[in-house]
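User: Hi! I am new to reading protein structures. Could you walk me through some features of one?

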Amino acid sequence: MGEEAKAAAAACAEIAVTDAAAVPKPTPPPAAVAVDPRLQGISDAIRVVPHFPKQGIMFNDITPLLLRPGVFKDAVDIFVERYRGMAIAAVAGIEARGFIFGPAIALAIGAKFIPLRKPKKLPGEVISETYVLEYGTDCLQMHVGAIEPGERVLIVDDLVATGGTLCAAIRLLERAGADVVECACLIGLPKFKECTWLHSLQIASERWTDIDKSAVHY
Ligand SMILES: O=P(O)(O)OC[C@H]1O[C@H](OP(=O)(O)OP(=O)(O)O)[C@H](O)[C@@H]1O
Ligand SMILES: Nc1ncnc2[nH]cnc12
């Protein structure tokens, strides 16, 4: 990707992961516009904790960002600016950290919020999607009836690492008939760059400049 295209991509805080032909295209930003100045503050407010929760993991901790209302607001605003006017009917947040950003985005764009929960948390009838983790499996559940067939949905989480969690969320929503427009995460880990199986979706993420935060650079 050339420098001009990089700047443009960063400006709309978008990462085109793979073939995006099937999803509505956001308005392309003007070429060579400056990187959003809010991104550095967001990046700086995320703490990287080595070897948590286990040896070898560089844990991206968003809690310091939450202690800074201005930065927290910047993070939400960037997503709201991107998704407002895209006829999104529902924001689906992934437990637990998608519950921090998702509802704020949903309220601001006038969408309903759907919690995608870990097993045995929802009291009603659920549909479930199991996914593979590095060690073992996990599962996301959603209430039956939370989504109407054809509704446009944005999936929100704090971070994409392998993409396994997001893929499970996409499968769950699509099984319920949703039209998944995009996935939005604050942080993308480099490993994710090699994953091309989030087919025909785009991942909206912030563009980090601090390589120590194991962040995405496109
Ligand atoms: O891209 P992946 O490899 O699937 O990993 C990303 C997921 O991992 C983290 O959640 P976690 O599973 O730790 O759950 P928690 O938020 O409940 O702690 C993070 O908040 C994402 O949901
Ligand atoms: N490096 C990481 N930091 C925070 N949450 C994660 N979930 C998966 N990998 C993670």
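Analyst: Let's look at one residue and then at one ligand in this predicted model.

User: Where does E129 lie, and is E129 buried or exposed?

Analyst: E129 is part of strand 6, which covers residues 126–132. For burial, the general idea is a cut-off: under 20% relative accessible area means buried. E129 has 12% relative accessibility, so E129 counts as buried.

User: Which residues is E129 in contact with?

Analyst: Setting aside neighbours within four places in sequence, E129 is in contact with D138, C139, L140, A168, R171, L172 and R175. With R175 there is also a polar contact: the two side chains are joined at 2.7 Å.

User: Now the ligand, please. Which residues are around ligand 2?

Analyst: The residues around ligand 2 are M58, F59, N60, R97, L159, A161 and L189. Strand 3 (residues 58–61) gives the most to this shell, with three residues. By type, the shell divides into five nonpolar residues, one polar and one charged.

User: Which polar atoms lie by the nitrogen atoms of ligand 2?

Analyst: Here we look for pairs of N or O atoms within 3.5 Å. A backbone N or O atom of M58 is 2.8 Å from a ligand 2 nitrogen, and a polar backbone atom of N60 is also 2.8 Å from a nitrogen atom of ligand 2. From R97, a side-chain N or O atom lies 3.1 Å from a nitrogen of ligand 2.

User: How much of ligand 2 does the protein bury?

Analyst: Compare the ligand alone with the ligand in place: ligand 2 exposes 270 Å² when taken alone, and the protein buries 74% of that.

Conventions. Residues are numbered from 1 along each chain as its sequence is written. Chains are lettered from A and ligands numbered from 1 in the order in which they are written. This is a predicted model: local features need pLDDT of at least 70, side-chain atom pairs count only at pLDDT 80 or more; totals for chains, interfaces and linings use all residues. Side-chain values use heavy atoms; hydrogens and water are left out. Helices (H or I, at least four residues) and strands (E, at least two) are DSSP runs, numbered from the N terminus. Buried means under 20% relative accessible area, exposed over 50%, partly exposed in between (1.4 Å probe, protein chains only). A polar contact is a pair of N or O atoms within 3.5 Å; within protein, one must be able to donate a hydrogen and the other to accept it, and residues adjacent in sequence count only if both atoms are side-chain atoms. Contact means heavy atoms within 4.5 Å. A residue is near a molecule or strand if one of its heavy atoms lies within 4 Å of it. Accessible areas come from the Shrake-Rupley method with a 1.4 Å probe; for residues, only the protein chains shown count as cover. Ala, Val, Leu, Ile, Met, Phe, Trp, Tyr, Cys and Pro count as nonpolar, Asp, Glu, Lys and Arg as charged, and the others, Gly among them, as polar.
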